[in-house]
Amino acid sequence: MINLTINGKPVSVAESSTILEAAKQNNIYIPNLCYLEGVHQFGSCRLCVVEVEGARNLQASCMVPVREGMVIKTNTEKVRKARKVLYELLLSDHPKDCLSCERNQSCELQEIGNRLGVTEARFEGERSKGFEDFSPSITRDMSKCILCRRCITVCKEIQNVGILNAQNRGFKTVVGPAMDLPINSVNCAYCGQCTVVCPVGALKETDAIQSVWKAINDKKKRVVVQVAPAIRAAIGEEFGLAPGTLVTGKLVTALREMGFDDVFDTNFAADLTIMEEGTELLTRVKKALTGGEATLPMVTSCSPGWIKYVEHAFPQELDHLSTCKSPHTMLGALAKSYYAEKIKVDPKDMVVVSIMPCTAKKFEISRPEMKNNGVPNVDAVLTTRELAKMIKEAGIDFVNLADSQFDNPLGLSSGAADIFGVTGGVMEAALRTVYELVTGRELPFEKLHVTPIVGLEQIKTADILIEDPLEDYKFLDGFTVKIAVTSGLKGAKILLDQIAKGESPYHFIEVMGCSGGCIGGGGQPRPTTPEIRKKRMAAIYQEDEGKALRKSHENEYINKLYQEYLVAPNGHKSHDLLHTHYTK
Ligand code: HC0
């Protein structure tokens with residue numbers, strides 16, 4: 001530990017801390033716009049300047065490591081004046097359209113100005129030419145960029161994608177892809193992590209709000225909405241609730257009050273995915289163990305940022321992906337077939353809206369693979385943040401809403417489906433079902449969590465030994481299934497490199513495109529810090545553990561769906577509606 005003094009108060013912090021982190025840990029506020037927890041700092045905004053005894057100039061506290069005996073002052077006249085001038089210089093090149101900016105009241109620049117007591121903008125800079133760049137998932141408004149470079153850091157260091165950089169010099173500096181290319185023409189995975197860390201309105205999800213209101217207001221349309229697993233553990237934050245507050249029932253009520261006709265749960269389709277993906281895994285393993293040709297490891301395919309990453313970076317490995325569509329597109333496909341037939345609605349008159357924690361899902365629904373008979377499975381994706389805005393616009397008092405239940409037949413789900421929202425969840429859900437189907441033995445509640453794959457580590461692995469399986473699965477007797485789980489594209493690259501070299505020891509791999517899984521998705525409330533990820537994760541496990549139904553294959557509506565419509569997992573109808581193939 002290092003001992004130092006901040007504002008006359010003796011404090012002790014870990015050796016690796018910076019001054020900014022030391023202050024933060026001791027509840028001393030220092031403004032900053034470029035700092036990101038746990039990664040290399042850029043020190044570009046300089047707002048975090050402090051006085052360090054013995055130093056000639058003010059120091060950027062995010063860049064200076066603590067030293068024994070340091071004496072720091074964060075709140076002197078000199079510091080306050082310097083921060084105000086630095087802030088005004090940032091404003092000199094920033095539009096002043098705050099009232100109509102989508103980040104009004106959630107803008108970090110605005111909040112810091114307020115905290116610093118800035119009441120005037122004395123400098124008028126040579127305004128750099130702003131431009132807007134639209135893609136199906138992400139919209140860039142470069143007139144608002146303050147060059148903090150957080151997006152560059154998250155793209156390069158956390159996601160290992162690295163398509164963003166500072167281009168040009170001086171007032172002409174712009175953050176974006178090389179040669180000022182639009183984002184839809186480069187290898188962007190559309191994960192949206194840049195939109196989560198952007199402190200201002202420069203990076204955001206591409207808006208679907210107006211099209212969804214239009215559909216709701218169209219009396220000729222049957223508007224079906226579905227909610228991803230991770231939304232229920234995060235959207236409360238947009239209404240002032242503590243991170244990790246579960247609001248499942250309120251969410252359902254809010255969606256009904258907004259005017260959606262059917263409120264379904266993506267979790268239902270997560271249970272269905274387990275039936276389909278589990279069957280696919282067993283088929284591939286059986287082939288491999290009985291002398292046939294099978295592509296292993298099989299890798300999950302529900303995270304569209306991850307799919308796009310494989311297409312760009314490892315197109316030769318696409319066959320490793322499961323052929324399952326993602327759960328929300330499965331649900332869309334079923335809503336426009338199974339459910340539409342039941343309620344006698346022409347699929348063309350049905351609009352399916354998905355509430356997702358993910359910006360890449362906006363792109364995913366536009367893919368040709370996500371259509372049946374020319375009709376898209378899902379018509380619009382709203383992020384958690386967009387839905388919160390709509391709830392506010394509708395004047396709904398979210399915090400005080402009563403709870404209500406999802407509609408059926410596409411609304412019931414198991415705890416196994418809930419945990420899809422966290423890293424390791426899809427794998428654990430699959431193992432709960434595959435183990436019971438293969439051995440015929442019941443997994444007791446206390447053994448449901450596969451503890452080696454729970455948590456936020458970059459790569460988690462486990463070995464599952466199959467003993468004494470049922471007659472149909474004798475080929476698995478004594479076989480050890482090797483599994484790996486990762487979240488965030490940096491870890492995914494490590495696992496893909498192994499596959500590409502023919503050195504992967506695994507049979508089944510789960511990859512989620514964002515750190516922590518969907519609880520940390522690019523469409524989730526801001527901020528999303530490591531601490532907040534942990535709280536959302538705990539809420540998801542709480543939701544699972546609170547249910548009597550915790551295994552996908554025990555979901556009565558899933559069984560009914562097979563009896564009434566699909567016949568069997570991986571059957572002809574399932575392949576038509578629920579599976580696809582990615583080719584490059
Ligand atoms: Fe996820 Fe999903 S779990 S990708 O993380 O599989 O976005 O929450 O909706 O589709 O179910 C995101 C979250 C989903 C899908 C599900 C999967």
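Visitor: How many bridges join strand β6 (residues 132-134) to β7, and which way do the two run?

Guide: Three bridges join them, and the strands run antiparallel. Pairing needs at least two DSSP bridges between two strands. Strands are DSSP runs of E, at least two residues, and helices are runs of H or I, at least four, both numbered from the N terminus. β6 and β7 form a hairpin with three residues between them. This is a predicted model: local features need pLDDT of at least 70, side-chain atom pairs count only at 80 or more, and totals for chains, interfaces and linings use all residues. Residue numbers start from 1 along each chain as its sequence is written.

Visitor: What is the bridge partner of D133 in β7?

Guide: D133 is bridged to R140. R140 also stands opposite L203 in β10. Three bridges join β7 to strand β10 (residues 203-205), again in antiparallel fashion.

Visitor: Which way do the residues of strand β7 (residues 138-141) point, and are they buried or exposed?

Guide: I138 and R140 point one way, T139 and D141 the other. All are buried (20 or more other C-beta atoms, placed from the backbone, within 10 Å of the residue's own).

Visitor: What is the strand order in the open sheet of five strands?

Guide: Read the order as β2-β1-β5-β3-β4, with mixed pairing. The edge strands are β2 (9-13) and β4 (59-60), and each pairs on one side only. Strand β1 (residues 2-6) is joined to β2 by five bridges, antiparallel.

Visitor: At what angle do helix α2 (residues 77-91) and helix α3 (residues 108-116) cross?

Guide: Two packed helices are described by the angle and the distance between their axes. Here the axes come within 11 Å and cross at roughly 145°. (Axes are lines fitted to C-alpha atoms, for helices over the stretch in contact; angles run from 0 to 180 degrees between N-to-C directions.)

Visitor: Which residues make the contact?

Guide: α2 brings R83, K84, Y87 and L90. α3 brings L109, I112, G113 and L116. Contact means C-beta atoms, placed from the backbone, within 7 Å.

Visitor: What span should the 24 residues of helix α8 (residues 266-289) have?

Guide: At 1.5 Å a residue, α8 should span 34 Å (1.5 Å times one less than the number of residues). Its end C-alpha atoms are 34 Å apart, so the two values agree. G291 follows α8, and its phi is positive, near 90°.

Conventions
Two residues are in contact if their C-beta atoms, placed from the backbone, lie within 7 Å. A residue is buried if 20 or more other C-beta atoms lie within 10 Å of its own, exposed if 12 or fewer, and partly exposed in between; C-beta atoms are placed from the backbone.
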